[in-house]
Amino acid sequence: MKKYFIIIYSLLFVAVSAIAQDDVYPAKDFKGVLIITNATIHVGNGQVIENGTIKVENGKIIQVGQNISADNGAKVVDAKGKQVYPGLILPVTDLGLKEIANGVRGSNDYSELGDFNPSVRSIVAYNTDSKIIGTLRANGILLASVTPQGGTISGSSSVVQLDAWNYEDAAYKMDGAIHLNMPTFISRPNRFAIFFGLPVDHTDPTQKALEKIDEIKSFFREAQAYYNEASHKETNLKFEAVKGLFSKKQKLFVHCDQVKQMLVAIDFVKEFGFDVVIVGGSESFQIAPLLKQNNIAVILQQEHELPATEDDDVDQPYKTPFQLQQAGVLFALNDEHDESRYRNLMFNAGTAAAYGLTKEQALQAITLNSAKILGIDDRTGSIEVGKDANIVISDGDILDMRTSIITNAFIQGREVSLENKQTQLYQRYMYKYGLK
Amino acid sequence: MSAFKLHPPGRVLLLLPGFMLLFLFAKSQVTFPVNGIADPRLNIYAFTNATIVKDGQTTLQNATLVIREGKIVAVGANVEVPKDAVIINCSGKYIYPSFIDIYSDYGVATPERQRNGFDFRAPAQFNSNTKGAYNWNQAIKPEVDAYKLFATDDAKAKPLRESGFGTVLTHEKDGIARGTGVVVTLADEKENLVIVKEKASAHYSLSKGVSTQSYPSSMMGVIALLRQTYLDAQWYKSKPAKEGVNISLQAWLDNQNLPQIFDANDKWNDLRADRIGDEFGVQYIIKGGGNEYQRIDDIAATKATYILALNYPQAQDVEDPNDARFVSLADMKHWELAPTNPAAFEKANIPFCLTAADLKDVKQFLPSLRKAFEYGLSEAKAFDALTKTPATLLGVYDKVGSLDAGKLANFLITTGPVFNEKTIILQNWVQGEKYGVKEEDWNDIKGTYTLTVTSTSGSSTYTLDVKSDNSADVISNDTLTTRFSYDGKLVKLSFSSPAPKRGGAPHEGGEQPHGRFGGMRGGASFRLSGTVNGNVWNGNGEDSAGNNLIWTAAFVKAPAAGTDSTKKKFPPRVGKVLYPFDGYGWEEMPKQENLLIKNATVWTNEAEGRLENTDVLVKNGKIAQIGKNLSDATAKVIDGTGKYLTPGIIDEHSHIAAASINEGAQSVTSEVRIGDNLNPDDINIYRQLSGGVTSSHILHGSANTIGGQTQLIKLRWGVDDEGLKFKNWDPFIKFALGENVKRTTSNNNNRFPDTRMGVEEVLADAFSRAKDYENEWKLAEANNKKKGATPMVVRRDLELDALVEILNKKRFITCHSYVQSEITALMRVGDKYGFKVNTFTHILEGYKVADKMKEEGANASTFSDWWAYKTEVQDAIAYNATIMQKMGLNVCINSDDAEQARRLNQEAAKSVKYGGMSEDDAFKMVTLNPAKALHVADRVGSIKVGKDADLVLWSDNPLSIYAKALKTIVDGIVYYDVDHDEAMRKYISQERNRLIQKMIAEKKSGGSVMPARPSFQVILSCGDHDHHDGLITIDVSDEVNTNTNK
């Protein structure tokens, strides 16, 4: 126990003055060579390299393995006894779009008016100065896909790295996914109606859902026709925005949980040939082989969730990742918990590891798999040669809260600050009380 | 009970002259002037030769019933028939007293909430909208007298009469106190004459109905309002000048001597209602909800008489597995078991009445009742439940409920035993007036006849086989195409050969088919018309050639007697009742056992810390011994090798297992009590056991400054609501400060306070009032001891009682709080009025004022890492627990969330990460520290000899994310066991499949099914956050004021 104390304190005191202020700066570009030595390297693809070394030059990983020689003048980080991981990736989030979840409308920029908004772009509203970002970095989450919400087609998401002055600096991959909200096949009774014993609407929502799906399909059919013809008398920004779906430069992220919704998503693949990713997928365990057959990836939104029905296995959500893994489905884990604000991503993976996955598989579900799904696996997601040096060093097992204590983090080779509003307030009051 | 046994339908073919005449002249009141010629009638009838069921005990064969002027004059075997009586020969017929429905709204309209007339986002309505000198609360309206509202409604009366009812108790089904009910008959007469008893009952419910007033907005608020009204009425007896005239309270008092009927409508509500009654010396008659069989022992213990409806749930269409998935096993089991409900009452010897209320269609009453017979209810019990029992309860057994001289002439004439499937109710007489039901069946015309048709060219003879009123066959050599109808008097009959082949090929003999019936082979078709007159029918007709003819049909023989289909069926096979009524419920409750956990790593939470390879002996629900190599012959051994044994987790802040959480309609609601509305069926109890939780402090929500009284429970999965309660604990109350209380997210808040300035004043005002109240009581007590002094009567106020308890250190505060200013302000109000804050809960800025809290002696209960979900938690930090702990506070980590409660050990572990707390200290934050904060550390929170055996056996270090609870033990009873859980999963899967197949079979056999209805689970929460908990959960936070985006 004592060990953790010492590490945390030394870090905090070095990094900040005792009085909190907004003085956490994005790290400057790091030109040169960075070497992380004596590390247990969790590559992110399932491999573990004991006593390994990572060599980074100009932000890229150039060597990974054992017996790598030191360079003169290189920045050396000794990771003896520590665990080294790829930077964690939050695959779907309103980070930087929603500062205060409730009651302060002015701080929210995540949901636009209108039903079909494919041209709406989250990146332009992404606030790099959000106080939440620093708390994620401090936990090893270094990349996030900032995602709009609302309507049927919400717009496009962009991947950002979490240490930037402005959104253009932050952008890692722009507009890589279009987000579609599948209409529901279950009508949810009004909660007030239940309480007050008012008549509850039990009409079957299927018809309404199917009509909506028709509307969505006809949108894409027209968009496809538009895509097929290069010149247009009148420009349609909505159709323009989804061209990437047809050219496979973009993926369609379909937000849904119910089996029937997912079946419709599979149908989209068949009709339009889109790259489809299910976001939510709490019922995906029911049709995992079908998802595999159709090459559909899944982002599980919230591992720490109650079972959907009272008859479900009490640990169903915890073991869903294992069931997807068994079926060979490509999946990633997310953290959309609004109250802890997404910083427990790695513990979602920890729970998946407690319920069937190996620890390395669980890690992969928040690193390499997420990168693959977001289409950035050529640049990040694992500690492999040629990729960006997005690296996290932890005192111990990053998936377990007792040991998930981050000592260093690097984005594109830059060592980023682990300070944030919370560590500063901590210091401020330790100072007030004269505590150590 | 011969009257209820199977009899073949009797045959009577005598027809009484004039019998079919309708009564054209209704009775009239003497005070009403007559327009025209007066037509007074005495309605004297003698019903002879009948099987008369006088009451449940007495059946008379071949007896006579004489009625006169709407009343029974004589019943018996040797009754003299008055000369001026119209005689109705009822040979083969049965006569029964007609049924009584004790829970009707006949003739009294139920007010309906205006469409969109209640906007949940609208500003609060603090006072009643009812004009006049009535009660402050719009839902308390004991002054409503149904007899003043009652209006005869024959369209509604008719289906009731057709189901056998003759008398009902009707009332206005609206509000919490609903006023009085009136007993009326179902006669289609002037209201003045059908009222049997004006004020026969007083009615109550747990639903506020159409009241638009904000209070109460919760189950526990309704209960508190009822309790307070009992007290107010008592106080009103002293004619307090401060109250003036209160028509409602006076009516409440006046109604007390009537039978008190409570519409509870659910098994737990039945118990809730009964407890209110117990407190005020009232034994309610309880209208149940149809699920009482699930807790029949508890129901029996209420000693109440019940009113049971027969509205069983419909089968659902579960053919599509994706639809079936969301229908819970509990709902499917209830579908299967609901028809056993009346039988369960009979078996448990609980008195009950039956009602046709709640049925979608009254016509379903008798079929539903017969279903109850199939599932074990006796016909004799049902008969009493429809006659004598309700009549006696309502004090009208001298008027209705049996066939005795002097009673109203309310009776049924049937073709057989009244409940038999094949029996037909022919007539329903109400107050001496006949109402036909199926009079055409008075004469059973079924059987074979010789039909002779005679025309100028001669006679031909056929066999006529009458199958029913609208089906018969004419048989010559072959069975001919026949149409037949009989309406009780007139007969129509036509017959012909089978229809000609397509293309209309000419028949043999060259005759073209013509007319509606086509041609007869070698002859004409016939159309006959005539009357039925006993055994001989006759009339005239025409053949297809247009020749006139005459015909007769003479009775030959009756059809072979069939058997009653209800009797043929085997008793249905049904699944078992589970405790609680959830998939994961028990068929049999687990027993307390002596347990010896061997060779575990024991985290004691005591000075000795963690003990390796240690045994713990549990006896009689307590920890008996801790040490190495223990043995006990009586104990069941559990191998703990490689495992970790800890005290059970205690959640300081939870909202599970309750029917309602927030009474947010007023800023001070200290009168409401979570303990009044516990819900032992909540699956989250079981889910949390699987996460090692053994006790939970169920708090009122944070909708208002002074919320309700809290309830500490133990997670004894399967017990009833009282059984959940943690016995002998110091009572607590929930307070709240800040944004929820001032309704930050509401755009039109009109409830004081709107700022933290106001919150502080709400507190000051409440305690100022409480002090004055306490002094008033003291004064009154002193005064009332003096001889000759005018007694002082003080209104007992449940709200202020709870606050006085706080001032007297009999009740303790746990206060939802976030920011430093409000934390300090509450402590200063406490300084002024003389109370301390026991616990600050949530307390996310506790680290800023930890020194002041320490001085106060307060406990802190916080989230591990929540923040930024609203403005007041912007400065929340994950290091909060650590700082407060370093400052010497007793710190707890709580869930406030049904999901997170399953992982509280992990939440505690986050303080190891954030601030470097030791593992032992971290684990205490979810065990020993909450036990201390809740004043129960002498019994739970650590592994110590003499403490309750509330234990968890973990697979791994209990702070690790990889740790799973293997066994969770409460009071030495294993309520969660990972192996048993595995077995239950299999059981659930099999039982679900069995019921799905059964529902599909119901659909295939033509039974009516409704679309599959997802079994939504309501998840109650503080009002603090928007936790989205899954596909078919409904998150309910602050019920009145919606704060949420999702």
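Which residues in helix 9 (residues 329–337) of chain B are buried?

1. This is a predicted model, in which local features need pLDDT of at least 70, side-chain atom pairs count only at pLDDT 80 or more, and totals for chains, interfaces and linings use all residues. Residues are numbered from 1 along each chain as its sequence is written, while chains are lettered from A and ligands numbered from 1 in the order in which they are written.

2. In helix 9 of chain B, the buried residues are B:Leu329, B:Ala330, B:Met332, B:Lys333, B:Glu336 and B:Leu337 (buried: 20 or more other C-beta atoms within 10 Å of the residue's own, with C-beta atoms placed from the backbone; helix: a DSSP run of H or I, at least four residues, numbered from the N terminus). They span an arc of only 165° around the axis, which puts them on the same side of helix 9 of chain B; the arc is that of the directions from the helix axis to the C-beta atoms. These buried residues pack against helix 26 (978–1004) of chain B, a contact being two residues with C-beta atoms, placed from the backbone, within 7 Å.

3. Chain B is divided into four parts: domain 1 (2–97 + 437–441), domain 2 (99–112 + 127–399), domain 3 (447–501 + 514–557) and domain 4 (587–648 + 941–989). The bounds come from an automatic or database domain assignment. Between the C-alpha centres of domain 3 of chain B and domain 4 of chain B there are 85 Å.

4. In chain A, buried residues make up 53% of the 436 residues. The C-alpha atoms of chain A fill a box of roughly 65 × 55 × 45 Å along the principal axes.

How values were computed:
Buried ≥ 20, exposed ≤ 12 C-beta atoms within 10 Å, placed from the backbone. Helix = DSSP H or I, 4+ residues; strand = E, 2+ residues; numbered from the N terminus.
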